[in-house]
Amino acid sequence: MKESSPQARCLTALVMWTALCVLSRAQPAPDSSGLSRAIRVPLRQGARAEQSPRPPPPSAAAAASKRGRGTASESPARRRRGASEGGVSFVDMIDNLRGKSGQGYYVEMAVGSPPQKLNILVDTGSSNFAVGAAAHPFLRRYYHRSLSGSYRDLGRSVYVPYTQGRWEGELGTDLVSVPHGPNATLRANVAAITQSDRFFINGSNWEGILGLAYADIARPDETLEPFFDSLVRQTSVPNLFSLQLCGAGFTQNQSLGSSTVGGSMIIGGVDSSLYVGELWYTPIRREWYYEVIIVRIEVNGQDLNMDCKEYNYDKSIVDSGTTNLRLPRKVFQAAVKAIEAASSTEQFPSGFWLGEQLVCWQAGTTPWHIFPVISLYLMSENRNQSFRISILPQQYLRPVEDVASAQEDCYKFAVSQSTTGTVMGAVIMEGFYVVFDREKKRIGFAVSTCHVHDEFRTASVEGPFHGVDLEDCGYNIPQTDESTLMTIAYIMAGICALFMLPLCLMVCQWRFARCLHPHGDFADDISLLK
C-alpha cells in the first residue's frame, strides 16, 4: 500500500476533527447523571411541584402500607414548582384564588363566546356550576346569555337550597375555561341564576358558584353532569384537584387589602411547594359529598370520650363553601365545654360561644396561648389506623375586619352547631393543603405553607394511631325491612277502613231517608251552613 504524504494525513485529520465537532453540537452531551442537558429555569429555593403520585421503591411502598400514608409525598424526587406534565401546568395555578375572610374563596372563570370573565366561589360541598344571570344589588357584573354565541338552552329549570340562602335559574350549556388553570376549554352545564335569596354576599366579589362534589347531589337530579366530571371526560386533566386556602392572618396578599385572602386551586395534580411534611390520606366513604370518617376528637389533648358514631351523625364532609367547623349538637356542646374550661383564665360571654358576639383585644395582644388545640382523628387508608390533624385557635377564632378598629383585633368563634352532620369548613382547611384525589377515592391532608401560627404551636398532621374497626364509626341511615313496611301499610289501610265504614253507613242511611221523605221545592234557612 502506498504511504500517504504528511500533507494528506493532516488534511484527513482536519476533516475528521470537523465532523466530530459538528456531530457533538447536533446532540447535547449527557451530564454526569446520563441525562441530556436542558435549559434550567431559576426557581425560588425549595420550590417544587408534583402532579400525580408515583410509586415508591419497594421498601418505601411497604413502609407506606404499614403507616397508612399516601404515596404522593413519598416520591424520592420532587418535581419543580410549576412543572408541566400531561398537558397540565401548575405555574398559572399558583395563587389563583382570592376572597375575603368568612365570605369564601373564588377563582376567575371565563364563560361563553366571546369569553365573559366572572369570579366563581369554589365549593366542595355542592355539585352545580351556577352564575348570576340577572342584575342584583350585590353583583358588579353578571353572565349575559344573549351575548354568548355558544350558549345552548336545555329548557329545564333548577332550584338549589343551601344551609343559608337559595337560588333558582335556568339550565343550559356553554364553553367554559379557567384562565389561571389548565389550558383547556370544555362545554359544561351552566345554571343561569335568575332569582336568589340570601345567596350572594355584599362585598364578596364573586358572581357564581363552582360545585366540585359528585353528581349524586347535583340539582335537579344526578343526570346533570358536574363541571369537574365534564372537565375530566373532555380533556386530559387527571381526576384530582387540590386546595390551599390561606386565612386572613396570612400576609401574602396584604397589598390587595387587609381583608383580602388568597390561595391556590391546583386542577389535575398536587404541588408539593404548597405543603410541608407528608400527605396523609383518608378514604372517601361515599361519592356524593366528600364524606370522611372521624374516629376521635380531642380538645387540649383530652378525648371527648363520645361514641365515635356521634362525630359522624349523620355524615362528616370536607366543604370549602362553609366557613365554620360545624359539629352535631351533642359533640358541639361537649367541645365548647372543653374549650371553655381550657381557656377559663379569661371570661367570655355566652353569646361568644354561640357565634353571636365578638371578643376584641388591643391590636397585637391576642392571648392565643390560653386557647386549646382541637384535634380531629381521621380514619386512614389502612382501616385499622388513623391520623390526627391539629387545629390551632388562629383557625377557629376567625378575625372580623369590618368592626375592628386599627387599635383592636376582633374575633368570632368559628365552631358552630349543626343539624346535618360534621362540616370541616374553610377555617379547618386554612391550616392544611387538601388533596381531593377522586381517582383513588381519597382525601389527603398536609400542613399548609401559608397557615397562620405562633412561636409556640403550629398546625400538624401526625400518625399513625392504631384502632379496631374504625370503619364502624361511620353513620349508617337505618334501613327498614321491606316486610316491615308492608305490615305498616296493611295496618294503616285497616285503620282507614275502620274510620270509613261508619261514614259510608251514615251516608247510605241519609240517602235512604231522603228517598222515603222527599222534600218540596222550598228552602229552610235553618238547614243552611252558617
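Modeller: One definition before we start. Buried means under 20% relative accessible area, exposed means over 50%, and partly exposed lies in between. Also, this is a predicted model.

Colleague: Good. Where does Arg 166 fall, buried, partly exposed or exposed?

Modeller: Arg 166 has a relative accessibility of 25%, so it counts as partly exposed.

Colleague: Which residue forms a salt bridge with Arg 166?

Modeller: Glu 168 does. The closest N and O atoms of the pair are 3.3 Å apart. Glu 168 is partly exposed too, because its relative accessibility is 28%.

Colleague: How many salt bridges does the structure hold?

Modeller: There are 18.

Colleague: Show me another. Which side chain meets Glu 225 in a salt bridge?

Modeller: That of Arg 233, with 2.9 Å from N to O.

Colleague: And how does Arg 233 count, buried or exposed?

Modeller: Arg 233 counts as exposed, because its relative accessibility is 56%. Glu 225 sits at 25%, so it is partly exposed.

Colleague: What about networks? Which residues are linked in a network of salt bridges?

Modeller: Take Arg 296, Glu 298 and Asp 303, which are linked that way. Within this group, Arg 296 pairs with Asp 303, and their closest N and O atoms are 3.2 Å apart.

Colleague: What relative accessibility does Arg 296 have?

Modeller: Arg 296 has 30%, so it counts as partly exposed. Asp 303 has 25%, which means that Asp 303 is partly exposed as well.

Colleague: Let's step back. How many helices and strands does the chain have?

Modeller: Nine helices and 27 strands.

Colleague: What share of the residues is buried?

Modeller: Buried residues are 45% of the 530 in the protein chain.

Colleague: And the surface? What does the accessible surface come to?

Modeller: About 27700 Å² for the protein chain. Carbon and sulfur atoms account for 55% of that area.

Colleague: How about contacts? What percentage comes from residues 24 or more positions apart?

Modeller: It is 71%, counted among the protein chain's contacts with a separation of 6 or more.

Colleague: New topic, the backbone. Which peptide bond has omega near 10°?

Modeller: The one running from Arg 219 to Pro 220, and that bond is cis. Pro 220 is in a loop, with β10 (208-211) on one side and α3 (227-234) on the other.

Colleague: Which residues does the cis bond with omega about 0° join?

Modeller: Gly 463 and Pro 464.

Colleague: Where does Pro 464 lie?

Modeller: In a strand, β27, which covers residues 460-466.

Colleague: Now phi. Which residue has a positive phi of about 55° without being a glycine?

Modeller: Lys 441. Its place is the loop that runs between β25 (432-437) and β26 (442-448). Lys 441 has a relative accessible area of 44%, so it is partly exposed.

Colleague: And which non-glycine has a positive phi of about 50°?

Modeller: Asp 469.

Colleague: Where is the place of Asp 469?

Modeller: In the loop between β27 and α9 (482-516). β27 is also the strand that holds Pro 464.

Colleague: Last one. Why is Asp 469 called partly exposed?

Modeller: Because its relative accessible area is 49%, and the exposed class starts over 50%.

Conventions
Residues are numbered from 1 along each chain as its sequence is written. This is a predicted model: local features need pLDDT of at least 70, side-chain atom pairs count only at pLDDT 80 or more; totals for chains, interfaces and linings use all residues. Side-chain values use heavy atoms; hydrogens and water are left out. A salt bridge is a side-chain nitrogen of Lys or Arg within 4 Å of a carboxyl oxygen of Asp or Glu. Buried means under 20% relative accessible area, exposed over 50%, partly exposed in between (1.4 Å probe, protein chains only). Helices (H or I, at least four residues) and strands (E, at least two) are DSSP runs, numbered from the N terminus. Contact means heavy atoms within 4.5 Å. Accessible areas come from the Shrake-Rupley method with a 1.4 Å probe; for residues, only the protein chains shown count as cover.
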